[in-house]
Amino acid sequence: MRLKDLESALQPLKVFESPKVMLEQYPTSAHLAARMLYNAHTAHDDIQDRSVLDLGCGCGVLGIGAALLEAAHVIGLDVDDDALRVARDNLEMLELEGQVDLMRARLSDSDDIKTLDLSRLANAFDTVILNPPFGTKTKGIDIVFLSAACKIATRAVHTLHKTSTRDFIAKKAKSLGFDAEVAAVMRYDLPATMKFHKQKSKDIEVDYWVLRRIP
């Protein structure tokens, strides 16, 4: 599948109907998702015939993209039932129900996303892909997601983080046993989906990170 075909396939997918502020539910655009996944697929061989976890899958765009690029098995994991409902609709739209499984993650404390416990998934997937919360509402949640991804992936992690956190992400990845490189700097077009947003959209500079487990 060509890059432009992947982006076109992801373009019609539904996004959050009522995004939750504390979960930082912002949609991953088809443009950004396609480029991230296509690079993981063509430059790193981390998608096709690999087991892939879409961590914090939201509406499922990354997991669906991985399935379109012929991942062996994809699971989309999220804590929010409403998001998973949208993801399920997207899978039905593209007739991919048999290629992506959706799972509801549980929290030890239903009011605290930081209590997410994924220890049972340790070393369970070749590749973890994610567009995590950036930590604007829950400080440090981006690192919680990154740490979880690194414990789950046996091969690689492909993730997005605010460019302003670059030095910290590099140090954290190394401490978790991964080599890390910024594969690209992207512009995340943050749409005005919350009531308190005053601008129609806001561009945020983000790093697309590729983390590889150190042998």
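A crossover is called right-handed if, with the strands pointing away from the viewer, the path from the first strand over the helix to the second runs clockwise, and helices (H or I, at least four residues) and strands (E, at least two) are DSSP runs, numbered from the N terminus. The model is predicted, so that local features need pLDDT of at least 70 and side-chain atom pairs count only at pLDDT 80 or more, while totals for chains, interfaces and linings use all residues. Residues are numbered from 1 along each chain as its sequence is written, and side-chain values use heavy atoms, with hydrogens and water left out.

A right-handed β-α-β unit is made by S1, helix H3 (residues 61-68) and S2. From S2 the chain crosses through helix H4 (residues 81-93) to S3 in a β-α-β crossover that is likewise right-handed. Strands are taken to pair if DSSP finds at least two bridges between them; strand S1 (residues 51-55) runs parallel to S2 and is joined to it by 5 bridges, with Val-74 in S2 as the bridge partner of Val-52. Parallel pairing over 5 bridges also links S2 to strand S3 (residues 100-104), where Asp-101 is the bridge partner of Ile-75. Because 5 of the 6 residues of strand S2 (residues 73-78) are buried, this strand is largely enclosed by the rest of the structure, buried meaning under 20% relative accessible area (1.4 Å probe, protein chains only).

Methods:
Buried < 20%, exposed > 50% of the residue type's maximum accessible area, 1.4 Å probe, protein only.
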